[in-house]
Amino acid sequence: MILLKNTQSILKLPSRSVKTQIQLLLTAAGYRDWDIGVCLTGDKAIRQLNAEYRGKDRSTDILSFPFAEAVKPGILPTPTSEDDKNLGDIFISVRYVNQWCKDHNVDIHDRLPVLYAHGICHLLGYDHQDNKDYVVMKRRENNILKKMRNWEAALESK
């Protein structure tokens, strides 16, 4: 199940299309039947979370909070119950992302799926603390994004 909470007012985002993209990304990542929480919020909320959990008193685009620690990147512990099939939560500051998109001449509707994939990868234990980890994580993100976009294209052509 995808629990989507939209507390921002910068951009109108239809819940159905956001959930569809996230479900396609979960499926592409191999975690179709797993739960995830996604909160689309503003700078104030994400700044508070960033300060509290990362010690960084500033806004950011995305924060991810995994439910379980990965055995290794991409491999989560085997769930012992349905309740264990929870990837965790992702928080995205739509205001921050919107400004980034304006600064980089990118459509926010193209950027958000990249962030969803990035957050899912973090929930699966991928990280980008050094260049080697960054390359591995970026490859995984691109792989699941490509699958999602292919499936979206197939659905649109029907």
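Helix axes here are lines fitted to C-alpha atoms over the stretch in contact, and the angle between two of them runs from 0 to 180 degrees between N-to-C directions. Keep that in mind for later; the model you're looking at is a predicted one.

Let's start with the core. The largest nonpolar core holds 40 residues, and Ile 36 and Ile 92 have the most contacts inside it. The largest share belongs to α4, with 9 residues.

Now zoom in on Ile 36. Beyond its neighbours within four places in sequence, Ile 36 is in contact with Met 1, Ile 2, Leu 3, Ile 22, Leu 26, Gly 88, Ile 90, Ile 120 and Leu 123.

Next, back to α4 and how it meets α5. Their axes come within 9 Å and cross at roughly 125 degrees. Angles over 145 would count as roughly antiparallel and 65 to 115 as roughly perpendicular, so α4 is oblique to α5. The crossing is right-handed. On the α4 side, the contact is made by Asp 110, Pro 113, Val 114, Ala 117, His 118, Cys 121 and His 122, while α5 brings Met 137, Arg 140, Glu 141, Ile 144, Leu 145, Met 148 and Arg 149. Sorted by class, that's 8 nonpolar, 2 polar and 4 charged residues.

His 118 counts as buried because its relative accessibility is 17%, and the cut-off is under 20%. Leaving out residues up to four places away in sequence, His 118 touches Ile 62, His 128, Met 137 and Glu 141.

Terms used:
Residues are numbered from 1 along each chain as its sequence is written. This is a predicted model: local features need pLDDT of at least 70, side-chain atom pairs count only at pLDDT 80 or more; totals for chains, interfaces and linings use all residues. Side-chain values use heavy atoms; hydrogens and water are left out. A nonpolar core is a set of buried Ala, Val, Leu, Ile, Met, Phe, Trp, Tyr and Cys residues joined through side-chain atoms within 4.5 Å. Buried means under 20% relative accessible area, exposed over 50%, partly exposed in between (1.4 Å probe, protein chains only). Helices (H or I, at least four residues) and strands (E, at least two) are DSSP runs, numbered from the N terminus. Contact means heavy atoms within 4.5 Å. Angles under 35 degrees count as roughly parallel, over 145 as roughly antiparallel, 65 to 115 as roughly perpendicular and the rest as oblique. A crossing is left-handed if the near helix is turned anticlockwise from the far one by less than a right angle, and right-handed if clockwise. Ala, Val, Leu, Ile, Met, Phe, Trp, Tyr, Cys and Pro count as nonpolar, Asp, Glu, Lys and Arg as charged, and the others, Gly among them, as polar.
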